[in-house]
Amino acid sequence: MDIKQDIFTNASLSLEQLQERFQTSLTEGMSQDNARTILQRDGLNEITTIRIKWWEIAIRQFKSPFIYLLMVAAVIVYAIGEHIDAAIIVGFVCINAGLGFYQEHKSERSIRALEQYISLRSSVKRNNVWQKIESRYLVRGDIINLATGDIIPADLRVINTNHLIVNETTLTGESIPVLKYGETLSLPPENIYESHNLLFSGTSVVEGEATALVLETGPCTTMGRIAKLTVETTKESEYSKGISRLSKFILQMVLVTLVLLFLANLIIKGDNADIFELIVFCIALVVSVVPEALPVVTTVSLSRGAQKLAKQKVIVKRLTAIEDFGGIEILCSDKTGTLTENSLNVTDYSPNFHQDLLSYAALTIAETVEKVEPFDIAIENEVIKQQILSEDNLHRLMELPFDPMRRRNAVLVRDDSKTIIIVRGAPEIIIALSSLSDIDRTGVEQWINDKGKRGERTIAFAKRVFSKDKVSISPEDEQGLEFLGAIAFTDPVKPSTFHAVEKAKKLGISVKIITGDSPEVAGAVGVQIGLINDPGLVITGSALQNLSEKERAEAVRRYAVIARVTPEQKYEIVDILQRTFVVGFLGEGINDAPALKLAGVSMVVESAADIAREAADIILLQKNLEVIIDGIESGRSVFANSIKYLKATLASNFGHFYAIAIGSMFIPFLPMLPIQILLVNLLSDSPMISIATDSVDENEINKPGKYEFRDIVLTATLFGVIVTIFDLMFFVLFMYEGERILQTNWFIGSILIELVFLFSIRTKLPFFKGTRPSGYVLLLSSVAFLATVLLPYTVIGKALFHFYPPSASHLCIILGLVVVFFVCTELVKFVFYSTPDSHEYNKI
């Protein structure tokens, strides 16, 4: 029978059934020959994934329609002798490729972070002899021994234990270690949290020892599945998707227009058409319409955003994540250690508790130098806080360890005159073993119920006094106890969490808690931070799994708190949300790594596991979640400025492109020389690039930014038509003045039109109501304005670019047309952004 089955089924099989299924001996272990055969069949106990070569990642950076467009433009410009322009375009491409290569290559490092969770050597029983072997040689069916401090090397079924406590935080996110035992479960557990006799690779032994059977090794373990999800998951940013679609549109539009333009010129001009000059002219047109400065605008914007966040001690691992921040619609967060402090604190005591309750509770703490059990740590901290002195005359004689079946433990202490047994455990068990009046019992039970609804954990204490000569205890002694009281504990919410959630709501971001903790605790946190108004409005991972695909998708969107989720379920939840929304995910454990890798923007806190840090885009060096909101605001500024550039450059380029295309068919000479077209690009690009430093209107920050392809194209087309109309006005006014006069005057007019259009399109408000332009925008625009107007009067302008100095009257006409153009764009902008449809394009 194939034993590569769901690991949970092994929890309900008897030891005899397991021995037969795995062809091993629970007493003598596996034979060396059988182990060698299985090792050859299943492979080493290692996490392996498909490794992608670095050069494959590098080549992949150039597989983009926008990159194709830029590279074609670079080759064309170089061919016509404009080597500097070609070098600039190639430089832009290399910057983009370098960023992309870094982003993807870091994914390969994730595997090394996982490998540390496979211990180097294990104690295994082969041929009835215990021996130490490298853990990579473990196979299914091996019998191994575990002790305190061991990292569990594979997925295991416990055979027998001696007070085995395991830390499963790396997988579940639960801060409280779990006690394991060897008894067979009556039914297979539904998840990790119910797997009391199963151990999982990557977790660690906090206390005790055990003998266990190896169920799964290598990639088939729980850790192996996480590795596969994490390392082999790839994602494409919203920015990349938007630019890719836009690039395809530009490429298709330019190619179709050029073919029609070339054929129309041949038909209209016939034998008078200069084929070579027409080809060079078409080539220059291609370059003129490509937004070649977009990579620089993006790089400058992202770098400024990264520097701003660095001052707040935030490490940005993937630069483009800053812009993706701006598009976040749903922020998913783990709870333990992220929203909460990941430490238990004593919060309250039950009604009428014994005055010495805390002193007795302190006697139940483990007698180890370093405390590892969260309840022990919380009680010890409270004892120190209240300055309760220990009684030196009390000495611990023995202890009955915690038993999950009994749900309690007990200690026996002695002083000079008597012996006392102190029992600690689940409140309902301790109450049942104690003598309480009906009124007291009802009061305590109501208190415990109230604490449970608030997500607080409770444990109860009781005692029984014996004569001084008693030296041992048994379960039979735990009867007729004196109830001392119960103590409530909670994992407190970080103060920064309240502010972060409040700000997120103001920014239009939905926050979801996705945690491995219990529904009660998760619901209580959800109520505390204002996500839900009823702690019962929580759904569990198991409940989600039982829903149909359609119902599951609806539930994931509807519930703000999802508890008891496995790593695979976290991954699926993020996957479902990302089909409709842009998702940011905040976590810190190994169990968060797959979801972190998949999310549009992944964030971790400083104390996160190595694998989580490797998978993340953003690392918060300070445990202050408000920096996430600052990051979102920075991202929205970057996004808004990128959209400004796209709309400004595409409208200008489209307008000039169509004006030249139309004019070339009716004007007996080229309306602008190829070298003049390239100079237009050079002079207008500097102010365009400075838009990366521009200030942003508040209404642009208060909502998630999205690459609305239709909005960008419609805006560029609408304003491009206005640019085309004014370009044709230049043709009509100056075409009969001579070739050089038209070319010069339109050269000046086209650049000035682009400059004033930039100041109009940079805000959706009337230009005088928008935020003040940045100093760089004002400076570079002024420099470009002066260079454009003065260049035709210089020797270089006349000799190299074939300009003719415009007369004073012509210069007045040019400036007058530019002013009229600015007024027209402001009026059209006011109408466009006031219509209901425009809100549809920009809604969240």
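Two strands pair if DSSP finds at least two bridges between them, where strands (E, at least two residues) and helices (H or I, at least four residues) are DSSP runs numbered from the N terminus. The model is predicted, so that local features need pLDDT of at least 70 and side-chain atom pairs count only at pLDDT 80 or more, while totals for chains, interfaces and linings use all residues. Residues are numbered from 1 along each chain as its sequence is written, and side-chain values use heavy atoms, leaving out hydrogens and water.

**Exercise 1.** Determine which strands form the edges of the open sheet of 8 strands.

*Solution.* Begin with the strand order, which is 8-21-20-19-9-16-18-17, with mixed pairing. The edges are then strand 8 (314-316) and strand 17 (539-540), each of which pairs on one side only.

**Exercise 2.** Describe how helix 24 passes helix 28.

*Solution.* First take the axes, which are lines fitted to C-alpha atoms, for helices over the stretch in contact, with angles from 0 to 180 degrees between N-to-C directions. The axes of helix 24 and helix 28 (residues 739-761) come within 10 Å and cross at roughly 150°. Helix 24 is therefore roughly antiparallel to helix 28, a term for angles over 145 degrees. Next consider contact, meaning heavy atoms within 4.5 Å: residues of helix 24, including Lys644, Ala651 and Ile660, meet residues of helix 28, among them Trp746, Glu754 and Phe757.

How values were computed. Angles under 35 degrees count as roughly parallel, over 145 as roughly antiparallel, 65 to 115 as roughly perpendicular and the rest as oblique. A crossing is left-handed if the near helix is turned anticlockwise from the far one by less than a right angle, and right-handed if clockwise.
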